[in-house]
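This report describes selected contacts in the structure shown below.

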Amino acid sequence: MITDNKGVQDGMPLEVGEVEVAPYQKISLGKKILYHLWDADQHLKSPEERKLVRKLDFGILICATLGWWMKYIDQSNLTNAYVSGMKEDLNIQANEYTYMLMCYTIAFAIIQVPANLVALKLRPRICLVVCEIGWTAFTFAQAGAKTPGQMYAFRFMIGLFESGFSPIIIFLLGCWYTRSELAKRIAIWHITGFFGSATSGFLQAGVYASLDGHLGIAGWRWLYIICGCMSLPVAISVWFLLPDYPHNTKAWYLTEEDKAMAMQRSANQGKANITGTLDLKLLVRMFGNWRWWVLCAMYIFYGNSCQANSYFAIYLKSAGYSVAARNLIPACSNIVSMVTDFAWGFGSDWTGNRAYWAVGPLLCTTVIGSSLLTAWPAGNVPKVVGFFFVSGGYVTSVVWTWANEINRGNAEERALTISSMNGLFYATNSFLPILIFPQTTSPNYPKGFPSILAFAVVACILIIVTDFLHKRELRQEAELKAGTPPAEMTEESKSDQEVKIASEII
């Protein structure tokens with residue numbers, strides 16, 4: 001356990017397992033304000049705990065952000081290559097571009113749950129290094145594609161290797177950070193994806209201008225070559241910097257006291273230890289309560305409401321914008337996504353409320369922007385404004401933080417729920433584009449943008465339902481722990497609550 005100066009009397013020895021924390025230091029007003037702005041309870045932490053959090057930010061966030069940045073560069077390269085010469089070089093016809101997107105998405109959906117199951121048994125560091133080396137190899141392969149069929153295969157393999165990255169990172173962040181710290185870190189990690197998409201646009205614009213035709217290689221092929229060279233050192237950094245879980249980490253920069261403090265922080269948050277036990281009882285527990293069903297449904301609708309920007313560059317091409325503009329304008333919209341996604345995560349940490357910081361942004365950005373795109377007004381300006389509005393509707397950091405908190409009572413259930421949310425979203429996203437965004441209906445997509453509007457509205461409703469059920473569950477837990485289970489609880493819900501409390505005690 002962790003103890004501080006308020007719990008240890010002078011001259012008294014520490015008990016076995018205790019870690020002594022130095023007395024809280026007097027903090028200047030300026031530092032206190034800065035600490036409070038970064039983490040709501042930062043000014044209350046001991047110097048040792050603040051140092052631990054800085055170490056975690058150094059190790060986990062560097063690996064998570066660099067890997068996610070490269071993942072999104074690789075993922076976004078297809079759109080940027082398509083509008084920069086690949087369509088003509090590979091003779092892509094009809095819906096073949098959409099099929100390439102589908103191949104990636106299908107593979108991405110397949111491995112979500114298996115990836116987290118493997119990470120519960122093996123060290124996440126090993127899993128992520130394999131993932132990153134794999135997608136690096138097939139990034140290089142895309143540079144040599146000669147036919148759409150080859151691109152189908154390469155996109156499928158990239159999706160296969162990239163699929164394990166996000167569920168493992170989300171689960172790992174939830175294992176190390178506390179409630180007041182988590183949403184910001186997930187936001188920082190997640191917004192690097194938008195930076196990756198923006199980087200891909202800027203890279204393609206630069207590569208097309210300077211390398212197109214160099215050594216007889218088209219500019220879009222050079223993009224894949226350069227990105228493959230960038231991915232490899234990022235994969236190597238994971239091996240040396242990423243800590244595993246608090247109970248088994250061997251990170252060189254974490255001391256034994258750091259590890260003990262990390263485990264105590266986790267216990268103070270009510271997070272269950274990782275046992276690696278995957279059995280029928282776990283499945284019954286997961287499928288027998290509301291959490292898995294409602295969280296998965298909420299994320300499916302929310303995730304599918306975030307598709308519009310994938311078609312921004314295609315609209316710009318149809319409207320006659322230059323190759324540079326087709327890459328640079330969507331890159332700027334990704335910067336908007338970066339700023340707003342972090343702002344929503346920061347606000348949810350600051351206020352301690354998740355639901356309001358998910359519903360509010362969706363209503364004020366995605367709903368407005370998709371309504372504009374559904375109306376498809378005359379002129380380019382309102383359409384571009386609509387695309388920029390939907391760029392501000394990403395609340396992923398808030399949703400993932402909330403999912404970690406709601407499932408804190410069982411680590412294995414938390415891992416499976418997180419991977420299921422992502423996997424089921426990508427499973428639906430693997431076939432939805434061909435139904436609502438067929439390339440033959442571009443650029444106004446009469447089925448696509450109205451569908452995004454509907455998805456956003458349903459997602460808001462499910463967020464409100466999630467908030468109601470979670471608060472009710474917390475009340476029931478408090479009353480059960482106090483020895484007065486609420487009268488309205490059924491025998492089934494009582495049993496579920498008792499199992500949860502027992503697992504937390506263990």
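## Aromatic pairs

Ring pairs join Y311, F312, Y315, W376, F387, F388, F437, Y445 and F449 into a cluster; rings of Phe, Tyr and Trp (its six-membered ring) pair if their centres lie within 6.5 Å, with planes under 30 degrees apart counted as stacked, over 60 as edge-to-face and the rest as tilted. The model is predicted: local features need pLDDT of at least 70, side-chain atom pairs count only at pLDDT 80 or more, and totals for chains, interfaces and linings use all residues. Residues are numbered from 1 along each chain as its sequence is written, and side-chain values use heavy atoms, with hydrogens and water left out.

The whole structure holds 35 aromatic pairs. In one of them, the ring centres of F171 and Y245 lie 5.8 Å apart with planes at 80°, so the pair is edge-to-face. Both F171 and Y245 are buried, meaning under 20% relative accessible area, where exposed is over 50% and partly exposed is in between (1.4 Å probe, protein chains only).

The rings of Y315 and W376 are also edge-to-face, because their centres are 5.5 Å apart and their planes stand at 85°. Y315 is buried at 3% relative accessibility, whereas W376 is partly exposed at 21%.

## Surroundings of E413

With 2% relative accessibility, E413 is buried. Its side chain forms a polar contact of 3.2 Å with that of R291; such a contact is a pair of N or O atoms within 3.5 Å, and within protein one must be able to donate a hydrogen and the other to accept it, while residues adjacent in sequence count only if both atoms are side-chain atoms.
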